[in-house]
Amino acid sequence: GKMHGTYTYKIDGGESLKLPSFGEINTIKLIVRADEGADLIELWLVPALNYLPARVRYTDQQGAIVEQLATGIDFR
(Lines give C-alpha, C1' and ligand atoms only; values in the text may rest on other atoms or scores of the structure.)
Protein backbone atom coordinates (compact mmCIF):
# COMPACT_ATOMS: atom_id res chain seq x y z
CA GLY A 1 0.00 0.00 0.00
CA LYS A 2 0.95 3.60 -0.44
CA MET A 3 1.83 5.56 2.69
CA HIS A 4 -0.13 8.77 2.22
CA GLY A 5 -3.38 10.24 3.48
CA THR A 6 -4.62 10.64 7.04
CA TYR A 7 -3.59 8.26 9.80
CA THR A 8 -4.91 7.63 13.30
CA TYR A 9 -2.48 6.91 16.14
CA LYS A 10 -3.53 4.89 19.20
CA ILE A 11 -1.59 3.71 22.24
CA ASP A 12 -2.63 0.10 22.89
CA GLY A 13 -1.09 -0.20 26.35
CA GLY A 14 1.99 -1.96 27.63
CA GLU A 15 3.19 -5.32 26.43
CA SER A 16 6.13 -7.51 27.39
CA LEU A 17 8.31 -8.85 24.54
CA LYS A 18 10.98 -11.54 24.62
CA LEU A 19 13.92 -10.53 22.42
CA PRO A 20 16.94 -12.70 21.58
CA SER A 21 19.60 -10.29 22.91
CA PHE A 22 17.63 -8.59 25.70
CA GLY A 23 15.37 -11.28 27.13
CA GLU A 24 12.10 -9.91 28.52
CA ILE A 25 11.58 -6.20 27.77
CA ASN A 26 8.70 -3.83 28.50
CA THR A 27 7.19 -2.04 25.52
CA ILE A 28 4.36 0.32 24.68
CA LYS A 29 2.35 -0.72 21.61
CA LEU A 30 1.45 2.03 19.14
CA ILE A 31 -1.12 1.33 16.40
CA VAL A 32 -1.11 3.49 13.27
CA ARG A 33 -4.08 3.00 10.96
CA ALA A 34 -5.02 4.61 7.66
CA ASP A 35 -8.39 6.35 7.93
CA GLU A 36 -9.73 4.32 5.01
CA GLY A 37 -8.77 1.19 6.98
CA ALA A 38 -6.35 -0.13 4.35
CA ASP A 39 -2.91 -0.14 5.95
CA LEU A 40 -2.10 -1.02 9.55
CA ILE A 41 1.23 -0.42 11.28
CA GLU A 42 1.95 -1.75 14.77
CA LEU A 43 5.02 -0.54 16.67
CA TRP A 44 6.32 -1.92 19.97
CA LEU A 45 8.34 0.96 21.46
CA VAL A 46 10.82 0.55 24.34
CA PRO A 47 10.65 3.43 26.87
CA ALA A 48 13.93 2.30 28.50
CA LEU A 49 15.72 2.64 25.13
CA ASN A 50 14.50 6.12 24.15
CA TYR A 51 11.34 4.62 22.57
CA LEU A 52 13.21 2.74 19.87
CA PRO A 53 11.00 0.16 18.14
CA ALA A 54 11.72 -3.42 19.24
CA ARG A 55 9.13 -4.86 16.86
CA VAL A 56 7.36 -3.49 13.77
CA ARG A 57 4.48 -5.16 11.93
CA TYR A 58 2.92 -3.81 8.72
CA THR A 59 -0.31 -5.26 7.33
CA ASP A 60 -1.52 -4.14 3.89
CA GLN A 61 -5.10 -4.07 2.58
CA GLN A 62 -4.77 -7.61 1.17
CA GLY A 63 -3.78 -8.90 4.61
CA ALA A 64 -0.10 -9.49 3.73
CA ILE A 65 2.11 -9.01 6.80
CA VAL A 66 5.73 -7.84 7.01
CA GLU A 67 7.26 -8.08 10.48
CA GLN A 68 10.65 -7.09 11.91
CA LEU A 69 12.00 -7.91 15.36
CA ALA A 70 15.08 -6.20 16.85
CA THR A 71 17.93 -8.59 17.52
CA GLY A 72 20.25 -5.97 19.02
CA ILE A 73 20.81 -2.24 19.34
CA ASP A 74 24.15 -0.58 18.62
CA PHE A 75 24.61 2.85 20.24
CA ARG A 76 27.76 3.77 18.34
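Strands are DSSP runs of type E with at least two residues, and helices are runs of H or I with at least four residues, numbered from the N terminus. Two strands pair if DSSP finds at least two bridges between them. The model described here is predicted, so local features need pLDDT of at least 70, side-chain atom pairs count only at pLDDT 80 or more, and totals for chains, interfaces and linings use all residues. Residues are numbered from 1 along each chain as its sequence is written, and side-chain values use heavy atoms, with hydrogens and water left out.

**Strands and turns**

Strand β3 covers residues 40-46 and strand β4 covers residues 52-59; the two pair in the antiparallel sense over seven bridges. Within this pairing, V46 is placed opposite L52 of β4. The two strands form a hairpin with five residues between them, and N50 in the turn has a positive phi of about 55°.

Strand β4 also pairs with strand β5 (residues 65-69), in the antiparallel sense and over five bridges. Here R55 has L69 of β5 as its bridge partner. β4 and β5 again form a hairpin with five residues between them, where G63 in the turn has a positive phi of about 90°.

In a regular strand, side chains alternate between the two faces of the sheet.

**Salt bridges**

A salt bridge is a side-chain nitrogen of Lys or Arg within 4 Å of a carboxyl oxygen of Asp or Glu. The whole structure holds four of them.

| Side chains | Distance, N to O |
|---|---|
| K10 and D12 | 4.0 Å |
| R57 and E42 | 3.2 Å |
| E67 and R55 | 2.5 Å |

Burial is stated as relative accessible area, found with a 1.4 Å probe on protein chains only: buried means under 20%, exposed over 50%, and partly exposed in between. K10 is partly exposed because its relative accessible area is 48%. D12, at 37%, is partly exposed as well.

The side chains of R57 and E42 meet in a salt bridge of 3.2 Å. This pair links distant parts of the chain, with R57 in strand β4 and E42 in strand β3, 15 residues apart. Both R57 and E42 are buried.

The salt bridge between E67 and R55 has a distance of 2.5 Å. It too links distant parts of the chain: E67 belongs to strand β5 and R55 to strand β4, 12 residues apart. E67 counts as partly exposed because its relative accessibility is 41%, whereas R55 is buried, with a relative accessible area of 17%.

E42 lies in strand β3. It counts as buried because its relative accessibility is 10%. K29, E42 and R57 are linked in a network of salt bridges. The side chains of E42 and K29 are also joined by a polar contact of 3.0 Å. Such a contact is a pair of N or O atoms within 3.5 Å; within protein, one must be able to donate a hydrogen and the other to accept it, and residues adjacent in sequence count only if both atoms are side-chain atoms. With contact taken as heavy atoms within 4.5 Å, and neighbours within four places in sequence left aside, E42 touches residues including K29, L30, I31, R55 and R57.

R55 lies over the face of W44, at 4.2 Å from the ring centre. A charge sits over a ring if NZ of Lys or CZ of Arg is within 6 Å of the ring centre and within 35 degrees of the ring normal.
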